[in-house]
Amino acid sequence: MTTDNAPTPQEVPVEQAEAPSPEAKLAELEARLAEMSDAYLRAKAEVENIRRRSEDEMTKARKFAVEGFAEAMLPVMDSREAAIAMPAAKVETVLEGVHATRRQLAAALERNKVIEINPAPGSKFDPHQHQAISMVPAEQEANTVVMVLQKGYSIAERVLRPALITVAAPK
């Protein structure tokens with residue numbers, strides 16, 4: 001008796017695939033390790049190159065940081081030298097040259113973001129921008145500017161030199 005439901009040997013599915021040999025698995029892992037090691041070394045070299053380039057750029061930036069300011073100051077220097085080269089010039093001519101040189105200097109400072117600190121009389125004393133030299137009796141509110149003895153200067157909101165002032169004493 002034969003049963004029609006029994007599978008024949010040719011119909012049995014082959015579900016078991018052959019597992020790779022340990023040697024093949026080891027070779028695959030070694031190849032992957034070599035690939036990852038190479039990628040790591042390349043990334044490490046790239047980081048080192050970036051670090052070296054950024055150090056070079058920072059060194060150059062520090063070295064030439066004042067270049068723009070120096071270029072702005074050269075016309076001022078030229079004007080001073082021209083004035084010295086004319087010792088027999090009239091006082092009015094020299095004074096006119098001094099005023100022109102001052103304007104050049106002020107423009108050079110302004111272009112380089114050096115801002116003048118020159119508080120108006122009666123303005124409130126600001127210890128961050130002003131240095132009080134003395135307190136004097138005055139007809140204005142206490143702790144306000146009476147007189148500016150020397151202008152101050154700031155750059156990028158950082159005080160280079162505070163304005164030297166006298167302030168009104170309390171009554």
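Trainee: How many bridges join strand 4 to strand 5, and in which sense do the two run?
Mentor: This is a predicted model, and that applies to every answer here. In this model, tyrosine 153 stands opposite arginine 161 in strand 5. Strands of a sheet pair through backbone hydrogen bonds, either parallel or antiparallel. Strand 4 and strand 5 run antiparallel, and the number of bridges joining them is three.

Trainee: In what order do the strands of that open sheet come, and which are its edge strands?
Mentor: Three strands make up this open sheet, with antiparallel pairing, and their order is 1-4-5. An edge strand pairs on one side only, and that leaves strand 1 and strand 5 (158-161).

Trainee: By how many degrees are neighbouring strands of this sheet turned against each other on average?
Mentor: The direction of the strands is ignored for this value.

Trainee: What is the strand order in the open sheet with mixed pairing?
Mentor: This sheet also has three strands. Its edge strands, each pairing on one side only, are strand 2 (130-136) and strand 3 (145-150). Neighbouring strands here are turned by 30 degrees against each other on average, direction ignored. The order is 2-6-3.

Trainee: In which sense do strand 2 and strand 6 pair?
Mentor: Strand 6 covers residues 163-168, and six bridges link it to strand 2. Across this pair, valine 136 stands opposite alanine 168 in strand 6. The sense of the pairing is parallel.

Trainee: Which residue meets glutamate 116 in a salt bridge?
Mentor: The N to O distance is 3.3 Å, and the cut-off for a salt bridge is 4 Å. Glutamate 116 lies in strand 1 (residues 114-117) and its partner in the loop between strand 3 and strand 4 (152-155), so the pair ties together parts that are 35 residues apart in sequence. The partner is lysine 151.

Trainee: Which residue forms a salt bridge with arginine 51?
Mentor: The closest N and O atoms of this pair are 2.5 Å apart. Arginine 51 is partly exposed at 36% relative accessibility. The partner is glutamate 55.

Trainee: Which residues does the network of salt bridges with shared partners join?
Mentor: One of its salt bridges is between the side chains of arginine 52 and glutamate 48, at 3.5 Å from N to O. Those two residues are also in helix 1, four residues apart. The network joins Glu48, Arg51, Arg52 and Glu55.

Trainee: Is alanine 65 buried or exposed?
Mentor: Alanine 65 lies in the loop between helix 1 (22-63) and helix 2 (67-84). In space it is 25 Å from glutamate 48, C-alpha to C-alpha, and 17 residues away in sequence. Its relative accessibility is 57%, and the class above 50% applies, so alanine 65 is exposed.

Trainee: Which residues make the nonpolar surface patch of about 250 Å²?
Mentor: One of them, leucine 95, lies in helix 3 (residues 91-111). Leucine 95 counts as partly exposed, at 47% relative accessibility. The patch is made by Val94, Leu95 and Val98.

Trainee: What is the radius of gyration of the protein?
Mentor: The protein has three helices and six strands, in the order α-α-α-β-β-β-β-β-β from the N terminus. For 171 residues the globule rule gives 16 Å, and the protein is well over this, so it is more spread out than a compact globule. Its C-alpha trace spans about 135 × 55 × 25 Å along the principal axes. The radius of gyration is 40 Å.

Note on methods
Residues numbered from 1 in each chain as written. Predicted model: local features only at pLDDT ≥ 70, side-chain atom pairs only at ≥ 80, totals over all residues. Heavy atoms only, no water. Pairing = 2+ DSSP bridges. Axes fitted to C-alpha atoms, helices over the stretch in contact; angles between N-to-C directions. Buried < 20%, exposed > 50% of the residue type's maximum accessible area, 1.4 Å probe, protein only. Patch = residues over 30% accessible without salt bridge, like charges linked within 9 Å, V, L, I, M, F, W, Y side chains within 5 Å. Areas by Shrake-Rupley, 256 points an atom, 1.4 Å probe, with all protein chains shown as cover. Rg over C-alpha atoms; globule rule 2.2 N^0.38 Å.
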